[in-house]
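Thanks for coming. Please look at the structure on the screen, and I will walk through some of its features.

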Amino acid sequence: MEKLSYSDYHKYNHGEFEASVDIATLEEFSHLLQSQPKKLYSESWRRRQIQKVPSQIRWRINMQRDDQIYDPVMVSIGPYHHGKPELRRAEEFKYLCLDWRAGGDEKKKALFYSKILKQIGEIRDSYAEVTIVEKYDDKSLALMMLLDASMIIDFIHNFNYQGLKGKSSSFLDWQRCLGARSGPLMVRDMMVMENQIPFQVLKILINLLYEREEAGLFLLRFLSHKVGIEVKHAGIPGEKEDPPIHFLEAFWRVLVKKRTDTLLKPEMECSNNIGGNRSLVLSGMSMREEMNNDTDISYMHRSVMDLKAKGIRVVPNSNCTRSPRDITFRPNGRCFSQLQLPIQYVSDLTLVVCSNMIAFEVLPNDTSSLVVLSYAIFMKSLIQSPEDVKELQERGVLLNRLANLEKVVEVFKEIDTFGLHDQDIFKDVKRRIEEHCSSRAKTWFAELIYTRFRTPWTAIALFAAVILLCLTFLQTFFTIRR
C-alpha cells in the first residue's frame, strides 16, 4: 500500500487532497469499527461504578511494598474478593449477622432477600468488572449482597448503640469469632475501594430495619464520628441529588464536605480553594502550565520546623475538625503567622484509608475533587523528620497511635500520590506561606526569637548579660569622672 507523506496529510486535512477508496474496503472498514466495543464503552463511561484498582497503581505499590493495601484482610464485601480462602471465617460469620439483624425471623430474611433481588439488575450494573460479576447468577449475587450488607449494618449498629439500654450489642461475639482486632480490621476492610457493595443495598436494608428518622441518621452517625464532626442533618452530603456509589464514597463526602460554620472572614485568613476543578499536573513532565507563577507554589517543600523557624506556627484549625480541606493561613501579629491544620489521627489504618480514598479520587469516570490527594501532598511536604512529628504532636495537630515518631514519618512517606499535584487546591494557602517566608523583616525577627530565645534560660542569660554590660559601662563612666 502506498504511504502518504506529511505533505499529503496536510493537503488532505485542508481539502486539497481527494482520496480514492474502494467501496468494498470502505464497507469492510465500517463493519470492523462497528464490531469493536466502542459503543459499550461510550455508554458506561458516563456513570460511576464500583471499580478495581487500576493495574498501574497496584504495580507501583508492589514495587515499593510487600503487603497489599488495596485488598481486604478479614472480610470480603462484594464480588471482587469473594471466595478467597483466607477470608472464609468471616464468610461464615455473615450468617450470624443476618440472623441478629432479622431477630431470627425467617420471614424477615426472605423479605430482605426479595427486596434486593428486585434491584439485582441495577446492582449488577454497578460493577465495572463485568467478567467477575457474571460468575454469579441473580440469586447468588442477591444472597451475597444480603449477607455483606447484614455484616456492615450489624457492625455499625453495635458501634452506634453500644452501651445504650434496649439496644443489644454483639461485639463480644465478633471478638470470639473473628478475634480481638475484628473491630479495627472491619473498619479497614470497609474502606478498601475494591471491597464495596452498592450504596443502595445498604439503604434498602436500613430502611427495612429502622424507623424513618433513625434510618436517616444511621450511617451518618457512624461516619460523622469517624471524621470528628457533629451530626447536624439527616443524610450524606448530596445524597438526594446524586447518591454515592458505595460506602467509601459516602465516607469521602462526609470527610471533605465544606461546612459553612468553618468559614472565617476573608480579611482575617486565607482559606483553601477547593472546587470541582481537577487541574492536574504530572510531576517530571515539561508542560506549558508549569511555566506560570503557580508552579513554585504547587511544589512547596517546607517542613514544620522550617516554618517554625520562619515565624509560622502550625496549630489545629479553629473548629477542631478533621476534614482535610480545612487548612487555613492567618497572620498572628506583625511578624508571626499561623498555619491551621485539621486534627489528624495517625494509626495503622491511616495508610490504607488514605491510599484507597486517593485511588478513588484519581479513578476514571469519577467527578470528585482531589482533596485527599492534595492534603496528602501538603502533609508529605510538612512532615519530613521525627522533629516535625513531635512539633505537630505538641501542638495537638497529630494524635499519634503508632509506636514512635519515625513510624509516623514512614506512613506519610508511603502514601503514594502517583507524581500528581493539584495547582488549585491549597494554592492560596501556599502563596501566603511563600509571601511570609519571602519577607526578610518577618523571617529575620522570627529567626532571632527562634535561635536566641528558644528557652526561658537563654532569655534570662541575655537579660543578665545586658545588665552586666550596663553596670560595667556605669562603673567605667564613674571611674573616669573621678
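Helix α12 passes helix α13 in a right-handed crossing. A crossing is left-handed if the near helix is turned anticlockwise from the far one by less than a right angle, and right-handed if clockwise. Helices here are DSSP runs of H or I with at least four residues, numbered from the N terminus. α12 covers residues 199–209 and α13 covers residues 212–227; they pack at an angle of about 135 degrees, with their axes 9 Å apart. That angle makes α12 oblique to α13. Angles under 35 degrees count as roughly parallel, over 145 as roughly antiparallel, 65 to 115 as roughly perpendicular, and the rest as oblique. The axes are lines fitted to C-alpha atoms, for helices over the stretch in contact, and angles run from 0 to 180 degrees between N-to-C directions.

A word on the source: this is a predicted model, where local features need pLDDT of at least 70 and side-chain atom pairs count only at pLDDT 80 or more, while totals for chains, interfaces and linings use all residues. Residues are numbered from 1 along each chain as its sequence is written, and side-chain values use heavy atoms, leaving out hydrogens and water.

Next, salt bridges. How many does the structure hold? There are 19 salt bridges, each one a side-chain nitrogen of Lys or Arg within 4 Å of a carboxyl oxygen of Asp or Glu.

Helix α5 (residues 88–102) contains Glu92 and Arg88, 4 residues apart, which puts about one helical turn between them. Their side chains meet in a salt bridge, 3.7 Å from N to O. Lys94 and Glu91 also lie in α5, 3 residues apart, and they form a salt bridge at 3.0 Å, N to O.

Are these residues buried or exposed? Buried means under 20% relative accessible area, exposed over 50%, partly exposed in between, with a 1.4 Å probe and protein chains only. Arg88 is exposed because its value is 51%. Lys94 is buried, at 0%, and Glu91 is buried too, at 12%.

Another salt bridge joins Lys308 and Glu391, at 3.2 Å, N to O. This pair links distant parts of the chain, 83 residues apart: Lys308 is in helix α16 (residues 304–309) and Glu391 in helix α19 (residues 386–395). Both Lys308 and Glu391 are buried. Elsewhere, Arg48, Asp242, Glu249 and Arg253 are linked in a salt-bridge network.

Last, a loop. Ala128 sits between α7 (120–125) and α8 (130–133). Ala128 is partly exposed, because its relative accessibility is 26%. Gln51 is 77 residues from Ala128 in sequence, yet their C-alpha atoms are 5.3 Å apart in space.

Key:
Helix = DSSP H or I, 4+ residues; strand = E, 2+ residues; numbered from the N terminus.
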